[in-house]
Amino acid sequence: MATVTLSSSSPMCSSSSSTRSSSCPKNTRIKASYSDPALSPLSLRRRELLKGLALSPLSLTLEAPPHALAREIEVGSVLPPSPSDPKFVIFKASTKDTPALRAGNVQPYQFILPPTWKQTRVANILSGNYCQPKCAEPWVEVKFEDEKQGKVQVVASPLIRLTNKPNALIEDIGSPEKLIASLGPFVTGNTYDPDELLESSVEKIGDQTYYKYVLETPFALTGSHNLAKATAKGNSVVLFVVSANDKQWQSSKKTLKAMLDSFRV
């Protein structure tokens, strides 16, 4: 236990709480010596300073992984045109983009988007960077948005969270309705109500099966209109989410659906 010793240049003086007076002469200096240097005022001030630095935006920027520092520039200036439709560019995720791809927990994926969209930062706590390679909860891989049209994000969930079967196919997990019941909150950003599901379907592309969803979500944080597409491969279920508010949906519905249809793992 740390001890504190008080000393002064004159004998220890006394005070009375009832009279709120003291017998100490004016200008008497009281010195404290600490048997534990870590408890000295200087050390405590240093400790508080370090705490402040740890929480400052500067340190978060310095420690953030490369994918979280996504440059918010139009993707048309950095991504190639889509071979299938030159009105779009194509994003092909690689190990340079996210911690999960580098760890091998997610297989590479791709989708198209308009050239005016911008990639946005994913908060470190949402990115899965802190828990790879053994994350227990879903995380956000990448995000893109356009103020006039909407936003998209890729969410990955550990397969073991949904089934005990290793390398399971999406059909092994259950029906489209069962899957969206588990992952619905990651589509809406808050809660999921089965009544919000307007349509679900199954799509087969090569050997890969995808579940597709159309949702009307008036209370969702992501937007009142959501489209989603999910598949299972390797250790994860990968969910592609396209979101828009009423105004964005009215003007960009066709574009958003084209983006959803283009998603591949």
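This is a predicted model: local features need pLDDT of at least 70, side-chain atom pairs count only at pLDDT 80 or more; totals for chains, interfaces and linings use all residues.

Student: Why is the link between C131 and C135 called a disulfide?

Tutor: A pair of cysteine sulfur atoms must lie within 2.5 Å to be called a disulfide. For C131 and C135 the S to S value is 1.8 Å, so the pair meets the cut-off. The structure holds one disulfide. The link of C131 and C135 is right-handed, with 90° about the S-S bond.

Student: How do you know whether C131 is buried or exposed?

Tutor: Buried means under 20% relative accessible area. C131 has 18%, so C131 is buried.

Student: And what makes C135 buried or exposed?

Tutor: The relative accessible area of C135 is 9%. That is under 20%, so C135 counts as buried as well.

Student: Where is S252, and why is S252 called buried?

Tutor: S252 is found in helix α7, which covers residues 246–262. Its relative accessible area is 3%, which is under 20%, so S252 is buried.

Student: Which residues does S252 touch, leaving out those up to four places away in sequence?

Tutor: With those left out, S252 touches K148 and Q149. The word "touches" applies because a contact means heavy atoms within 4.5 Å.

Student: How much of the protein is buried?

Tutor: Of its 265 residues, 42% count as buried. The protein exposes about 15,500 Å², and carbon and sulfur atoms supply 55% of that area.

Student: What makes a residue part of the lining of the largest pocket?

Tutor: A lining residue has an atom within 4 Å of a point of the pocket. For the largest pocket, 27 residues pass that test. L126, V140, Q153, V155 and F186 lie nearest its centre. The pocket holds about 440 Å³ of space.

Student: Which element gives the most to that lining?

Tutor: Strand β8 does, with five residues. Elements that each supply at least two residues include α4 (124–127), β9 (150–158), α6 (176–188) and β13 (236–244).

Student: How many helices and strands does the protein have?

Tutor: The protein has seven helices and 13 strands. A helix here needs at least four residues and a strand at least two.

Notes
Residues are numbered from 1 along each chain as its sequence is written. Side-chain values use heavy atoms; hydrogens and water are left out. Buried means under 20% relative accessible area, exposed over 50%, partly exposed in between (1.4 Å probe, protein chains only). Accessible areas come from the Shrake-Rupley method with a 1.4 Å probe; for residues, only the protein chains shown count as cover. On a 1 Å grid over the protein atoms alone, a cavity is a set of points where a 1.4 Å probe fits but cannot get out, and a pocket is an open set with protein on both sides within 12 Å along at least five of seven lines; lining residues have an atom within 4 Å of a point. Grid points are joined across faces, edges and corners, and a volume is the space filled by probe spheres set on the points.
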